[in-house]
Amino acid sequence: AALLREASPRAAAFDFTAIAVSKNLRGSPHVDKNDLSVQYALSLGDFPEGSGELCIEESPLVVRALETRGRLACIDGRFPHWVSGY
């Protein structure tokens with residue numbers, strides 16, 4: 001909660017109901033069907049730059065790769081998304 005409060009006014013107002021913690025996750029493309037709103041993601045650890053990116057399919061032809069190591073990212077999990085390889 002403290003991390004969200006410090007990130008931005010929008011994040012500080014975010015009312016979350018769950019938190020997920022994973023280690024060395026390489027996720028396959030999926031949609032979070034139970035999401036009602038956006039989600040925030042942050043990765044920590046010692047892994048090569050440019051790996052472990054959070055990829056979001058914004059449209060059938062556009063995929064955005066976000067660097068989340070040490071950075072809080074806001075995404076809509078109702079769009080296909082995954083974590084790239086390490």
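How many bridges pair strand S2 with S5, and in which sense? I started my notebook here: S2 (residues 54-59) and S5 pair in the antiparallel sense over three bridges.

**Ground rules.** I am working from a predicted model, where local features need pLDDT of at least 70, side-chain atom pairs count only at pLDDT 80 or more, and totals for chains, interfaces and linings use all residues. Residues are numbered from 1 along each chain as its sequence is written, and side-chain values use heavy atoms, with hydrogens and water left out.

**Entry 1, the sheet.** I looked up the strand order and found an open sheet of three strands, S3-S2-S5, with antiparallel pairing. S3 (62-66) and S5 (81-83) stand at the edges with a single partner strand each, so one side of each has no neighbour in the sheet. From one strand to the next the twist averages 25 degrees (axes are lines fitted to C-alpha atoms, for helices over the stretch in contact, and angles run from 0 to 180 degrees between N-to-C directions). My terms: strands are DSSP runs of E with at least two residues, helices are runs of H or I with at least four, both numbered from the N terminus. Two strands pair if DSSP finds at least two bridges between them.

**Entry 2, who faces whom.** I then followed S2 on both sides. Five bridges join S2 to S3, running antiparallel, and the two form a hairpin with two residues between them. Leu-54 stands opposite Leu-66 in S3. Towards S5, Ile-56 stands opposite His-81.

Next I checked for disulfides (a pair of cysteine sulfur atoms within 2.5 Å), and the structure holds zero. Cys-55 counts as buried, at 7% relative accessibility, whereas Cys-74 counts as partly exposed, at 32%. The cut-offs are under 20% relative accessible area for buried, over 50% for exposed, and partly exposed in between, with a 1.4 Å probe and protein chains only.

Lys-33 is found in the loop between helix H2 (9-12) and S1. Is Lys-33 buried or exposed? I have it down as exposed, at 73% relative accessibility. Lys-33 and Asp-46 are 13 residues apart in sequence, and their C-alpha atoms are 31 Å apart in space.

I finished with the largest pocket, which holds about 1,400 Å³ of space. A pocket here is an open set of points on a 1 Å grid over the protein atoms alone, where a 1.4 Å probe fits, with protein on both sides within 12 Å along at least five of seven lines; lining residues have an atom within 4 Å of a point. Of its 38 lining residues, the closest to the centre are Ala-20, Gln-39, Tyr-40, Ala-41 and Leu-42. Helix H1 (2-7), strand S1 (39-41) and S5 are the elements that give two or more residues to the lining.

Conventions. Points joined across faces, edges and corners; volume = space filled by probe spheres on them.
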